[in-house]
Amino acid sequence: MKSSIPVLFVFSFLSLLSLYFIFSQNPRNPKPNLLPSTQPRLKVFVADLPRSLNYGLLDVYWSLSAPDSRIASSDPDPLLRRELSTRRPIPYPENPLIKQYSAEYWLLGDLETPPEVRSLASVAERVFDLKEADVVFVPFFATLSAEMELGWGRKGGFVKKEGNGDYERQREVVERVRASEAWKRSGGRDHVFVLTGCV
């Protein structure tokens, strides 16, 4: 029963965070105060991964000169590419095949927001001491990694291993996370990997 508690917290965290983003994007709706500031928050430790496995993937995406082969004639991102030098934080693609799977980007951005500017409605609190954490968030932009392989990789979709950049990144994430103190502490039972996609 104890191992199901972090899963319940994570599910609640993701659900409430989704509601926050939905309401905060509509200027006619004031930001909802979903939780009082005294409500205990989910304490989240962010696993140490190199930038190349999260925001670095956005750098790669924005440096691509060719459009996504799946939507070449209607690629919405060329205008954003021209504005990148003035846009911070680095934006997530507008490409509809990619944008619909951006949950890990928004979660990491929320956890990296300084506490003094975060909304009281946030249900999570980033902690820097593993001993204080309820869960460990693994900040791998997994779906962006896969979508880049599909849109710019070899024609015909994925290859199994050799020449598949997504496969190589997945292996690197698994090796790094399994070698970490956090994984050794729990065997991964409290680790959160955000993997979105179609079924």
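I began with a pair of strands: β3 and strand β4 (residues 191-193) pair in the parallel sense over three bridges. For my own reference, two strands pair if DSSP finds at least two bridges between them. Helices (H or I, at least four residues) and strands (E, at least two) are DSSP runs, numbered from the N terminus. Across this pairing I found V136 opposite H191 in β4.

Before going on, I noted that this is a predicted model, in which local features need pLDDT of at least 70, side-chain atom pairs count only at pLDDT 80 or more, and totals for chains, interfaces and linings use all residues. Residues are numbered from 1 along each chain as its sequence is written, and side-chain values use heavy atoms, with hydrogens and water left out.

**Entry: the whole sheet**

Which order do the strands take in the sheet? I read it as β2-β1-β3-β4, an open sheet of four strands with parallel pairing. I reminded myself that strands of a sheet pair through backbone hydrogen bonds, either parallel or antiparallel. β2 (124-127) and β4 stand at the edges with a single partner strand each, so one side of each has no neighbour in the sheet. From one strand to the next, the twist averages 40 degrees. Axes here are lines fitted to C-alpha atoms, for helices over the stretch in contact, and angles run from 0 to 180 degrees between N-to-C directions.

Next I followed strand β1 (residues 42-46), which runs parallel to β3 and is joined to it by three bridges. β1 also runs parallel to β2, with four bridges between them. I liked V44, whose bridge partner in β3 is V135 and whose bridge partner in β2 is R126. I also found F45 opposite V127 in β2.

Is β1 mostly covered or mostly uncovered? I found it mostly covered, with four of its five residues buried. Buried means under 20% relative accessible area, exposed over 50%, and partly exposed in between (1.4 Å probe, protein chains only).

Then I checked which way the side chains of β3 point. In a regular strand the side chains alternate between the two faces of the sheet. In β3, V135 and F137 point one way, V136 and V138 point the other way, and all are buried.

I found α5 packed on it, touching β1, β2 and β3, with a direction at about 120 degrees to that of β3. Contact means heavy atoms within 4.5 Å.

**Entry: F128**

I looked up F128 in the loop between β2 and β3. F128 is exposed, with a relative accessible area of 67%.

**Entry: aromatic rings**

How many aromatic pairs are there? I got a count of six. The rule: rings of Phe, Tyr and Trp (its six-membered ring) pair if their centres lie within 6.5 Å, and planes under 30 degrees apart count as stacked, over 60 as edge-to-face and the rest as tilted.

One of the pairs is Y55 with Y105, edge-to-face at 6.3 Å centre to centre and 80 degrees between the planes. This pair links distant parts of the chain, since Y55 is in helix α2 (residues 55-63) and Y105 in helix α5 (residues 103-112), 50 residues apart. Both Y55 and Y105 are buried.

Y55 also pairs with F141: the ring centres are 5.4 Å apart and the planes at 80 degrees, so I noted this pair as edge-to-face. F141 sits in the loop between β3 (135-138) and α6 (142-152), 86 residues from Y55. I marked both Y55 and F141 as buried. Together, Y55, Y92, Y105, W106 and F141 form one aromatic cluster.

**Entry: the chain overall**

Last, I stepped back to the protein chain, which has eight helices and four strands. Their pattern along the sequence is α-β-α-α-α-α-β-β-α-α-α-β. Of the 199 residues, 41% are buried.
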